[in-house]
Structures are given as C-alpha cells and as structure tokens.
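Subject: Structure handover

Hi,

Here is the structure I promised to pass on.

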Amino acid sequence: MRIDVLTVLPGLFDCFLKEGVIGKAISSGKVEVKVHNIRDFTTDKHRVVDDVPYGGGPGMVLKPEPIFRAYDELTKEGEKPYVLLTEPWGEKFNQEMAVELSKKPRLMIICGRYEGVDERVKSLVDREVSIGDYVLTGGELPAMVIMDAVLRLIPGVLGNLESLRADSFSDRGLLGYPNYTRPAEFRGMKVPEVLLSGHHKKIESWRKEQSLRKTLERRPEIIENLKRKGLLTKEELE
Ligand SMILES: NCc1ccc(-c2ccccc2)nc1
C-alpha cells in the first residue's frame, strides 16, 4: 500500500513514521508513506496556503489551489488514490472502516487545519473521516490514528506473534480480555487460576466470556449491533 499525506505541518509525522511497527513496515518496504507539505505546492513568494473566509467569520480557510496542485502532481502516474479528508464532522472511523481502507492499493489523506478546507477541495475527496466528536487543532493526529489502524492490518506488517491478536474479537469491535504476565502474584493480586492451568480450551472460553462481558458492560451497542448482523455465535449469546 502507498499513502500520500497532504499537510501544512509535515514535521508532526516524523516520529510516527520512524518508530515501532509503522516505522519497521516503512523501512522494510512493506508499505510506502510519503508526507507532502502543502506549502511546497504554492507558487507565490510567501507560500500562502490559507486565506480569510468569504462571507466573513473567524479564522482562516485552507486555499484550494495548493491542494489541487499537490493532487494533480501526485496522481500524474500510478493508481488513483482513495482520498480521505480528516474533519471533526466526518464519518466516524472504526475498525470496520480500517479493514475496508486496508484493502485499497493507494490512499491519500488530506489533513484539515485552521477552520477547515475550502469546500471545493471536497470534489477530490472520497471520504470525510472523523475519529471522534471533538475538535482538535488540526487533522494530522487523526491522520496518524487512521494510518496506524490501517497499516497494522496490511499482511506482513505485524510480526507473527502480534498478528495472532487480530482475531475474530478485535475485528468485530469487541473489547479485549484481561492480560497478565509474570509474576503469578503481585502485591497480593493473583493471576486468575485458569490462565495458569495450561488448559487451552478453558483459557479460550474464559477469554471469550471476559471479552463479551466487558463489551456488554461498557459498550452494549456493539453487542446489539453484532446480534443484528448475526455475528455472534449461539454460545456467545448465552
Ligand atoms: N475527528 C477529529 C478531528 C479531525 C479534524 C479536526 C480539525 C480541527 C481543526 C481544523 C481542521 C480539522 N478536528 C478533529
């Protein structure tokens, strides 16, 4: 997969693209991520990327020209990208969308900033995406959240051990089960006996029950949603 990011603050992505699983996936060539400074696609001396809103009102709006110039330049060759715009009011990002986006050969993420982008930019956009109902200073962090969730799903990006965690639970949006590691007792808090039993069937059913219980308790709408879609097995429903 290739991802092109358009932003006025490219520096925000430096650590994200160098460290951890994402950093390894890029350095190993499993995925390609290019961050582009919108300012590099201006033509005036002052490299202006924003302007005051028509009709008045507070703040500034990202101008259309530099973004269109960047889009035209970056799509001259190769597959046309599926274009996302990070906005406070976009469609809510979730694991289902992450799975769908991970199947695209090429993505472009336009990061909103200031009061937002000129409305004409949306003629380039396939999906306006929000990571939650709160307003940030810009769409760069949401872009990193989306890339993290999508890139980890690309085959080969997660090491063998980690990929085991991508089981039918996380993919259905269920909350995870409790995790423990050594020591077996710490400050009087013991690891549940079942996890020390070595009885894999019992451990698996304990974990399923814990995950379903935690999801029912904290996010009942996820259970209802899965029920409606018929994505819960008979024993999971019991
Ligand atoms: N859904 C989170 C999100 C996404 C983008 C923005 C944002 C804020 C300011 C300017 C442009 C985009 N805020 C929140």
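A word on terms before anything else: I call two residues in contact when they have heavy atoms within 4.5 Å. Helices (H or I, at least four residues) and strands (E, at least two) are DSSP runs, numbered from the N terminus. Please keep in mind that this is a predicted model, in which local features need pLDDT of at least 70, side-chain atom pairs count only at pLDDT 80 or more, and totals for chains, interfaces and linings use all residues. Residues are numbered from 1 along each chain as its sequence is written, and side-chain values use heavy atoms, with hydrogens and water left out.

**Overall layout**

The protein has 11 helices and nine strands. Its C-alpha atoms fill a box of roughly 70 × 40 × 40 Å along the principal axes. There are two entries in the domain assignment, domain 1 (2-151) and domain 2 (161-237); such bounds come from an automatic or database assignment. The centres of domain 1 and domain 2, taken over C-alpha atoms, are 35 Å apart.

Of the 238 residues, 40% count as buried. Here buried means under 20% relative accessible area, exposed over 50%, and partly exposed in between, with a 1.4 Å probe and protein chains only. Among contacts between residues at least 6 apart in sequence, 77% join residues at least 24 apart.

**The cores**

By a nonpolar core I mean a set of buried Ala, Val, Leu, Ile, Met, Phe, Trp, Tyr and Cys residues joined through side-chain atoms within 4.5 Å. The largest one has 29 residues, and Ile-3, Phe-93, Leu-101, Met-147 and Leu-151 have the most contacts inside it. At least two residues of this core come from each of strand 1 (2-7), helix 1 (14-18), helix 2 (20-27), strand 5 (82-92), helix 4 (95-102), strand 6 (106-111) and helix 5 (140-151). Helix 5 gives the most, with seven residues.

What does Phe-93 touch, leaving aside its neighbours within four places in sequence? Its contacts are Ala-98, Leu-101, Val-129, Ser-130, Ile-131, Val-145, Ile-146, Ala-149 and Val-150.

A second, separate core has 18 residues, including Val-8, Ile-67, Ala-70 and Leu-85. Ile-67 and Ala-70 are also among the buried residues of helix 3 (residues 64-74), together with Pro-64, Pro-66, Tyr-71 and Leu-74. The buried residues of helix 3 pack against strand 1, strand 2 (32-37), strand 4 (61-62), strand 5 and strand 6.

**Cysteines**

A search of the whole structure finds zero. For Cys-15, the closest cysteine sulfur is in Cys-111, and because the two sulfurs are 16 Å apart, they are too far for a bond. Cys-15 counts as exposed, at 55% relative accessibility, whereas Cys-111 is buried, with a relative accessible area of 1%.

**A charge over a ring**

The charged end of Lys-104 sits over the ring of Tyr-82, 4.1 Å from its centre. The criterion is NZ of Lys or CZ of Arg within 6 Å of the ring centre and within 35 degrees of the ring normal.

**Lys-214**

Lys-214 lies in helix 9 (residues 200-218) and counts as partly exposed, at 21% relative accessibility. Not counting residues up to four places away in sequence, Lys-214 touches Leu-175, Gly-176, Tyr-177 and Arg-219. Lys-214 and Leu-174 are 40 residues apart in sequence and 8.5 Å apart in space, C-alpha to C-alpha.

**Backbone details to look at**

Most residues other than glycine have a negative phi, and most peptide bonds are trans. Here are some exceptions.

- A cis peptide bond joins Arg-182 and Pro-183, with omega about 10°; Pro-183 is in the loop between helix 7 (168-171) and strand 8 (185-186).
- Arg-47 is not a glycine, yet has a positive phi of about 50°. Arg-47 is in the loop between strand 2 and strand 3 (50-51) and is partly exposed, at 33% relative accessibility.
- Tyr-114, also not a glycine, has a positive phi of about 55°. Tyr-114 lies in the loop between strand 6 and strand 7 (127-130) and is partly exposed, at 35% relative accessibility.

Happy to go through any of this with you.

Best wishes

Key
Disulfide = S-S within 2.5 Å.
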